[in-house]
Amino acid sequence: MEYRHLGKTGVRVSELSFGSWVTFYDQADVKAAAKMMSAAYDAGVNFFDNAEAYAGGKSEEVMGAALKQLGWRRSSYLVSTKFYWGIQDGVNEKNTLNRKRLIEGIDGSLERLQLDFVDLIYCHRPDKTTPIEETVRALHNIIEWGKAMYWGTSEWSAAEIVSAIEIAERRHLHKPITEQPVYNLFERHRFAREYQRVYKEYGYGSTTWSPLASGLLTGKYSQGIPEGSRGALKGYDWLKEELTDNEKLAKVQALEPIAQELGCTLPQLGLAWCLKNPYVSTVITGASRVEQVHENMKASEVAPKLTPEILERIDLIFAVKKEDQDD
Ligand SMILES: NC(=O)c1ccc[n+]([C@@H]2O[C@H](COP(=O)([O-])OP(=O)(O)OC[C@H]3O[C@@H](n4cnc5c(N)ncnc54)[C@H](OP(=O)(O)O)[C@@H]3O)[C@@H](O)[C@H]2O)c1
């Protein structure tokens with residue numbers, strides 16, 4: 001496993017990390033979660049991603065209980081959480097990054113995770129109604145109080161990120177240090193077109209999500225929706241259309257000969273492709289069972305095999321426009 005600096009910070013994260021969205025609580029209990037986290041940790045993973053809103057707070061509870069069981073040295077791993085959607089319906093408690101919510105929210109997360117601090121807090125989405133300065137100041141305070149080490153953004157526009165950085169610089173407050181954007185073979189456009197300037201000019205990090213497009217890039221949906229897969233879960237109907245899109249499935253199928261040539265599986269190829277981007281600090285992987293973790297962790301060995309020629313062949317399959325290519 002290689003370790004990459006999280007943006008310009010001194011802290012380094014494993015190039016493959018592990019997140020709990022969809023899986024913890026709904027697909028994996030504490031025992032299964034601990035088994036998967038342990039497999040990831042043994043492979044070198046040092047960053048575990050979570051969010052307050054995942055399973056309405058239950059995902060943090062599962063991760064907290066698993067961490068307690070695993071008993072790792074606190075300095076040997078990083079944990080994140082995220083705020084925005086909230087877990088209560090109050091007018092000031094959902095879809096917000098207001099000061100009150102953030103400062104109250106972190107205490108709830110720490111309790112559920114059974115931790116004294118998280119390493120990273122993300123603002124899960126931009127909040128168009130709270131002044132960015134209010135959010136920056138609240139995050140600054142949370143860090144100063146020792147409840148978090150760093151903070152970042154998720155799916156903010158480049159303009160909003162730069163605004164937060166500049167406010168923090170002007171006021172001598174803790175700056176956001178990383179974005180959490182979607183990034184996979186189907187969704188690379190924003191990363192290339194919008195964010196690269198922020199990565200290049202501000203040294204902003206990127207911890208990327210849904211590297212296998214929720215499982216679409218594993219090839220498992222080529223014959224319909226398999227039982228026990230994310231596409232078969234209750235409450236994820238909105239995903240089904242994408243997971244069974246014939247045009248997308250044909251592209252995944254076209255990747256198969258490349259995977260065979262490289263002697264790897266489709267999930268490993270999809271993850272390795274994300275790792276090739278030098279602006280990616282870590283690729284946050286997801287899994288519903290431990291076998292997937294074992295398979296996915298081998299993507300690090302596949303990445304060096306992706307030569308410029310192979311990358312070009314992949315670009316041709318996905319009909320990538322010049323402006324969407326990574327430089
Ligand atoms: N910031 C944000 O807004 C945001 C949004 C989404 C995710 N995230 C973060 O990113 C993490 C990863 O996202 P993701 O879970 O969507 O990642 P993903 O890699 O796109 O999808 C993971 C899912 O694909 C299937 N899968 C993974 N490896 C497989 C394998 N080797 N063989 C067969 N199936 C496999 C599993 O689902 P099944 O087995 O159930 O089919 C697994 O849960 C999340 O846990 C979360 O921490 C952040």
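## Aromatic pairs

In this predicted model, the count of aromatic pairs comes to 14. One of them joins Tyr41 and Trp72, whose ring centres lie 3.8 Å apart with the planes at 5°, and because planes under 30 degrees apart count as stacked, this pair is a stacked one. Tyr41 belongs to helix H1 (residues 30–42), whereas Trp72 sits in the loop between helix H2 (58–70) and strand S5 (78–83), so the pair ties together parts that are 31 residues apart in sequence.

## The shell around the ligand

The space that the ligand takes is the largest pocket. There are 34 residues around the ligand, and those that come nearest are Asp49, Ser210, Ser214, Lys220 and Ser288. By residue class, the shell divides into 18 polar, ten nonpolar and six charged residues.

Strand S10 (282–285) and helix H10 (290–297) each supply at least two residues of this shell, and H10 gives the most, with three residues.

## Polar contacts and burial

Lys220, already named among the residues that come nearest to the ligand, has a polar side-chain atom 2.7 Å from an oxygen atom of the ligand. On the nitrogen side, an N or O atom in the side chain of Asn296 is 2.9 Å from a nitrogen atom of the ligand, while for Tyr54 a side-chain N or O atom is 3.5 Å from a ligand nitrogen atom. Taken alone, the ligand exposes 910 Å², and the protein buries 96% of that area.

Terms used
Residues are numbered from 1 along each chain as its sequence is written. This is a predicted model: local features need pLDDT of at least 70, side-chain atom pairs count only at pLDDT 80 or more; totals for chains, interfaces and linings use all residues. Side-chain values use heavy atoms; hydrogens and water are left out. A residue is near a molecule or strand if one of its heavy atoms lies within 4 Å of it. A polar contact is a pair of N or O atoms within 3.5 Å; within protein, one must be able to donate a hydrogen and the other to accept it, and residues adjacent in sequence count only if both atoms are side-chain atoms. Accessible areas come from the Shrake-Rupley method with a 1.4 Å probe; for residues, only the protein chains shown count as cover. On a 1 Å grid over the protein atoms alone, a cavity is a set of points where a 1.4 Å probe fits but cannot get out, and a pocket is an open set with protein on both sides within 12 Å along at least five of seven lines; lining residues have an atom within 4 Å of a point. A molecule sits in a cavity or pocket if more than half of its atoms lie within 2 Å of its grid points. Helices (H or I, at least four residues) and strands (E, at least two) are DSSP runs, numbered from the N terminus. Ala, Val, Leu, Ile, Met, Phe, Trp, Tyr, Cys and Pro count as nonpolar, Asp, Glu, Lys and Arg as charged, and the others, Gly among them, as polar. Rings of Phe, Tyr and Trp (its six-membered ring) pair if their centres lie within 6.5 Å; planes under 30 degrees apart count as stacked, over 60 as edge-to-face and the rest as tilted.
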